[in-house]
Amino acid sequence: MTQSSVLINASDVTLAGTLVVPDAAKAVVIFVHGSGPMDRDENSKGAKLNIFNTLADAFFNIGVASLRYDKRGVGASGGDFKRLHQSEMVADLIACIAWVQSHGLGPVYLCGHSEGTAIAPAAAAQADVAGLVLLCPYLTPGPDLLRWQAQKAQADIAGLTGITGVLARLITKVFGGPVALQEKLIARVLGSSADFVWLAGKRVPARWLRDFLKADVAALHRTNQRPTLVLAAGRDCQCPPADAAKIAQMNPQARLAQIDDLSHLLRATSEAGFMDYKRQLSQPMDPRVADFVCAWLAEKT
């Protein structure tokens with residue numbers, strides 16, 4: 001195995017990443033991050049997901065190369081994450097596609113998680129891509145998706161017991177519950193053209209969020225008619241699991257799979273909300289995710 005640190009020129013910034021190449025690579029996968037300041041392994045402060053590095057190891061074992069990179073403005077990559085546009089995320093991914101193609105690593109596949117499942121088809125529409133892997137995808141429009149997430153969070157708070165529940169509900173009375181705060185955030189971001197908005201005493205980057213709220217995700221998925229694996233997490237509380245089937249129905253070359261007891265963090269869970277996230281982050285990624293993706297890639301390559 002060859003694993004090396006690489007630098008990729010993406011218009012006005014340089015992206016830093018890790019390239020893994022097995023002997024006689026059959027194809028190459030580029031990983032596409034979820035939302036937030038994610039590094040090449042899909043880790044951020046307080047959320048060590050270690051999804052992309054885990055999948056990269058699994059892909060190596062079936063003869064598939066991979067590229068994972070720090071998002072613009074994160075880790076060793078240049079740029080300013082807080083002023084990031086979705087269009088820049090798409091452009092950065094297109095630059096990565098061109099870079100791996102210049103190295104002759106075979107057909108290019110994109111593997112997106114969460115928001116990455118929207119960025120991947122947007123880039124694929126402008127580049128030569130053999131297929132997509134969509135992990136925990138969404139079809140719901142941005143404003144409605146944020147509302148759905150807030151309802152899940154509010155239900156979690158309502159279900160808390162003991163002193164923790166009392167304190168949590170007291171805080172929501174003072175500052176507003178998740179649903180009310182999310183509505184304020186949506187209104188402030190869409191009602192402004194500023195780079196930042198204020199909410200509950202916090203300065204929130206608005207460029208990316210405004211793009212997210214306005215994006216026509218359904219159009220992106222309708223445009224994608226290439227081989228695609230759509231993997232739903234049955235206990236996802238960030239992207240509605242039912243969206244996956246709707247996405248798969250748009251593409252005759254799509255294959256739908258679902259792991260019923262999987263969360264958005266790609267960990268097994270018996271919970272349907274956010275409260276189990278802390279425990280999940282102490283566990284590795286569920287190996288069934290790699291099994292599904294590797295089986296599909298082995299078939300395609």
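Here's a quick briefing on the fold, ring contacts and charge pairs of this chain.

This is a predicted model, where local features need pLDDT of at least 70 and side-chain atom pairs count only at pLDDT 80 or more, while totals for chains, interfaces and linings use all residues. Residues are numbered from 1 along each chain as its sequence is written, and side-chain values use heavy atoms, with hydrogens and water left out.

**Overall build**

- The chain carries 11 helices and 12 strands, taken as DSSP runs numbered from the N terminus (helices are H or I with at least four residues, strands are E with at least two).
- A compact globule of 301 residues would have a radius of gyration near 19 Å, and the chain agrees at 19 Å; the radius is taken over C-alpha atoms, and the globule rule is 2.2 Å times the number of residues to the power 0.38.
- The C-alpha trace spans about 60 × 40 × 35 Å along its principal axes.
- Of the 301 residues, 52% are buried (under 20% relative accessible area; exposed is over 50%, partly exposed is in between, with a 1.4 Å probe and protein chains only).
- Take the contacts between residues at least 6 apart in sequence: 69% of them join residues at least 24 apart, a contact being heavy atoms within 4.5 Å.

**Aromatic rings**

- The whole structure holds 6 aromatic pairs (ring centres of Phe, Tyr or Trp, using its six-membered ring, within 6.5 Å; planes under 30 degrees apart are stacked, over 60 edge-to-face, the rest tilted).
- Trp208 and Phe212 are a stacked pair, 5.5 Å centre to centre with 25° between the planes.
- Both Trp208 and Phe212 sit in helix H7 (residues 207-214), 4 residues apart, or about one turn of the helix.
- Trp208 is partly exposed at 24% relative accessible area, whereas Phe212 is buried at 7%.
- Phe274 and Tyr277 go edge-to-face, 5.5 Å centre to centre and 70° between the planes.
- Phe274 is partly exposed at 25%, while Tyr277 counts as buried at 14%.
- Phe31, Phe52 and Phe59 are linked into a cluster by ring pairs.
- There's also a charge over a ring: Arg203 lies over the face of Phe196, 3.6 Å from the ring centre (the rule wants NZ of Lys or CZ of Arg within 6 Å of the centre and within 35 degrees of the ring normal).

**Salt bridges**

- The count is 15 salt bridges, each a side-chain nitrogen of Lys or Arg within 4 Å of a carboxyl oxygen of Asp or Glu.
- Glu88 and Arg72 meet in one of them, at 3.6 Å from N to O.
- That pair links distant parts of the chain, 16 residues apart: Glu88 is in helix H2 (residues 86-102), and Arg72 is in the loop between strand E6 (64-69) and H2.
- Arg72 counts as buried at 5% relative accessibility, but Glu88 is partly exposed at 22%.
- Asp80 bridges to Arg83, with the closest N and O atoms 3.2 Å apart; Asp80 is partly exposed at 35%, and so is Arg83 at 34%.
- Asp276 and Arg279 pair up at 2.8 Å, N to O, with Asp276 buried at 11% and Arg279 partly exposed at 38%.
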